[in-house]
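Subject: Structure handover

Hello,

Here is the structure I promised to pass on. Please open it first, then read the notes below.

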Amino acid sequence: MNRRQFLCASAASFACVGNVSAATYDLVIKGGRVIDPSVGLDAVRDVAIVAGRIAAVEADISGDAADTIDAPGKIVAPGLIDIHTHAARVAEGAGICLQDGVTGWVDCGSAGADNIDQIAAAARAAPQIGRVLVNISRTGNTSGELMDINRADVALARGAIARHRDVVIGLKARLTRDIAGTNDLEGLRRAQEAAAPFGLPVMIHMGQSVSPMRAILPLLKRGDIVTHMYAPAPNGILDDDGRLLPDVAAARRRGVIFDLGNGANAHLQWDVVERATRQGFWPDTLSTDWTANSRDNPSVIDFPNVMSKFIMLGLSLAQVIACSSVNAARVFPAFDDRGTLNIGAPADVAIMELREGTFAFVDNYKATRTGPQRLFPVATVLAGKRTPARA
Ligand SMILES: [Zn+2]
């Protein structure tokens, strides 16, 4: 029995029955440095794909392939999953971030009950897995959406979820002072109330809130997500002396997830990042807070650039990839079978290049740090197929 027959038998696939002259594999990615933290692999390997799934990850795979990507010198990683984006705001968003290696994304709170239909439609139309967090404010992400607490309408939010159960996977509440004012805690309570009957997580946008983290964190349950984790004071994760708040460490211990949410304004400041990471408080997940304009924003540019910041800060390449693939996949059940190159997994692959040089990394305050390495997106494979390269 040759490999293809074996794969056909084991996968119960009918596509290749009797097709003895066909190539053994649909696609082989040859000779790259495969980094798959989900299985602890970091080695030069070939990755073979059949029928949209990973068929083999081995040194020197020899079977015929209908298509081959030569990857010596490249990083071959599970497709990236960006759990904080606004990719559904415009129709072309999903296609743009796909070119950066993003094979799954979550649009976080762009829309509330009043405008969720359009965002949900964009998520459904995306080439990769697009999912949505509905904003507890019926208006979605606007300036000051929780200043009027009546906009946090639990019944309307539940209706929005019920209409779009296929793509809505949680709720979002933005708690910053100029967005929520003194309604931060009540807005979050209402988000939890809307989420409860569906068993969904809530993501909070933290930083510069009226209420301190010690009042906000008790309202979060296991599996909820804190994004913009390195937002500067007031009411960040550090005390006035720069020490990590014990409440924050305790929230992580009980299963609250801390997400980077790089963003553009007031969410990321090197001083906070450096103080927190020196105390061992690293992100569970990396994310960009991406929009279709992010390439023009030196703080974001693309997901591999945001990942590279944490190589500079001291995480290993494997840890950075874990935070952007398997860790992210574990946050939401929608990505259960993603974030891995394990045999049988959907063949979503990010091929990147780790270049050496002097690279400037920018926070949200135009402050730069330089690092000697930067990941660049090279090619993306989605469901076993090459996708159009970035122009
Ligand atoms: Zn955002």
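**Salt bridges**

R190 forms a salt bridge with E186, and their closest N and O atoms are 2.8 Å apart. A salt bridge here is a side-chain nitrogen of Lys or Arg within 4 Å of a carboxyl oxygen of Asp or Glu. Both R190 and E186 sit in helix 6 (residues 184–195), four residues apart, about one turn of the helix. Helices (H or I, at least four residues) and strands (E, at least two) are DSSP runs, numbered from the N terminus. An α-helix has 3.6 residues a turn, so residues three or four places apart point the same way.

Two notes on the source. This is a predicted model, where local features need pLDDT of at least 70 and side-chain atom pairs count only at pLDDT 80 or more, while totals for chains, interfaces and linings use all residues. Residues are numbered from 1 along each chain as its sequence is written, and side-chain values use heavy atoms, with hydrogens and water left out.

The structure holds 20 salt bridges. One of them joins R138 and D114, at 3.0 Å from N to O. R138 lies in the loop between strand 8 (129–135) and helix 4 (154–163), and D114 in the loop between strand 7 (102–108) and helix 3 (116–125), so the pair ties together parts that are 24 residues apart in sequence. R138 is partly exposed at 32% relative accessibility. D114 is partly exposed too, at 48%. The terms are set by relative accessible area: buried is under 20%, exposed over 50%, partly exposed in between (1.4 Å probe, protein chains only).

D241 and R243 also meet in a salt bridge (3.3 Å, N to O). D241 is exposed at 55%, while R243 is partly exposed at 49%. Salt bridges that share partners join E186, R189 and R190 into one network.

**The zinc ion**

Which residues coordinate the zinc ion? They are H84 (NE2), H86 (NE2) and D289 (OD), at 2.0 to 2.2 Å. Donors are N, O and S atoms within 2.8 Å of the metal (3.2 Å for Na, K and Ca); water is not among the atoms, so sites may look incomplete. Along the chain the donors follow the spacing H-x1-H-x202-D. H86 lies in the loop between strand 6 (80–85) and helix 2 (93–98), and D289 in the loop between helix 9 (270–278) and helix 10 (303–313), so the pair ties together parts that are 203 residues apart in sequence. H86 and D289 are both buried.

The largest pocket holds about 410 Å³ of space. It is lined by 23 residues, and the closest to its centre are R174, A264, N265, H267 and D289. Strand 9 (168–174) and helix 5 (177–180) are the elements that give two or more residues to this lining.

A pocket is found on a 1 Å grid over the protein atoms alone: it is an open set of points where a 1.4 Å probe fits, with protein on both sides within 12 Å along at least five of seven lines, and lining residues have an atom within 4 Å of a point. Grid points are joined across faces, edges and corners, and a volume is the space filled by probe spheres set on the points.

The second largest pocket has a volume of about 330 Å³. Its lining has 20 residues, with A233, G236, L238, D239 and D240 nearest the centre. Helix 9 gives the largest share of that lining, three residues.

**Helix 9**

W270, V272, V273, E274, A276 and T277 are buried in helix 9. Just after this helix, G280 takes a positive phi of about 85 degrees.

Best wishes
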